[in-house]
Amino acid sequence: MFNFIQNIDISVIEKIYRFQHNLNSELFNRIMIFFTNLGDHGTIWIVTALILLLNKKYRKTGILAFVSLAICSLAVNSILKPLIQRPRPFTEIADIILLIKMPKDYSFPSGHTAASFVMIFVFFRHIKKYFIPVFIIGILIAFSRMYLSVHYPSDILAGLIIGIFSGLAGEKAINRFTQKRLTDKKISI
């Protein structure tokens, strides 16, 4: 099963790389590099969560975003990447020339995509007004990772799923904490 998925992943990355190479568009390359850099270390999403946290109207959503991003980071960077240790596409496919600095960690799952989908989930559930721009940025960050040959499609798909589940886990944790605080206040009254 793994070989089947790996073969599909390699085929897709080779096609995207050929498209990138044949397109030979400095502008499009710069756009993809911009979006991948935007997602580095989850910076755009951490800053977004901080802005939400500082805004009284969106403070609870900011807390949710931070909790969900923390869950996501733990799952992706501390558990799954070291456990699975999947090499990146540029190390497995001959002749790929990277347009960005070579990432040093493992490929599976995509942390950029996971963090992006945490925020897509948070905005979809809690701030629909800004969902579309967050969705577009998140999709572009995820696609840029394949376009730049640093992730396979299955890494992206896993990141998407982990991001959504991290958002759900964050909601559940916050709801439990809120319920416990309400229960504790009722008892002390």
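The protein chain has 8 helices and 0 strands. Read along the sequence, its pattern is α-α-α-α-α-α-α-α. This is a predicted model. A nonpolar surface patch includes Ile 161, a residue of helix H8.

**Overall dimensions and packing**
- The C-alpha trace of the protein chain spans about 70 × 35 × 25 Å along its principal axes.
- The protein chain holds 189 residues, and 41% of them are buried.
- Take the contacts between residues at least 6 apart in sequence: 78% of these join residues at least 24 apart.

**Surface and charge**
- The protein chain has an accessible surface of about 11,100 Å².
- Carbon and sulfur atoms account for 68% of that accessible surface.
- The protein chain carries 22 positive and 10 negative charges.
- The mean position of the positive charges lies 17 Å from the mean position of the negative charges.

**The nonpolar patch**
- Five residues form this patch on the surface: Leu 157, Ile 161, Ile 164, Phe 165 and Leu 168.
- Together, these residues have about 440 Å² of accessible area.
- Helix H8, which contains Ile 161, covers residues 153-188.
- Ile 161 has a relative accessibility of 39%, so this residue counts as partly exposed.
- The cut-offs behind that label are under 20% for buried and over 50% for exposed, with partly exposed in between.

Technical notes
Residues numbered from 1 in each chain as written. Predicted model: local features only at pLDDT ≥ 70, side-chain atom pairs only at ≥ 80, totals over all residues. Heavy atoms only, no water. Patch = residues over 30% accessible without salt bridge, like charges linked within 9 Å, V, L, I, M, F, W, Y side chains within 5 Å. Areas by Shrake-Rupley, 256 points an atom, 1.4 Å probe, with all protein chains shown as cover. Salt bridge = Lys/Arg side-chain N within 4 Å of Asp/Glu carboxyl O. Helix = DSSP H or I, 4+ residues; strand = E, 2+ residues; numbered from the N terminus. Buried < 20%, exposed > 50% of the residue type's maximum accessible area, 1.4 Å probe, protein only. Contact = heavy atoms within 4.5 Å. Lys, Arg positive; Asp, Glu negative; His and termini not counted. Charge placed at Lys NZ, Arg CZ, Asp CG, Glu CD.
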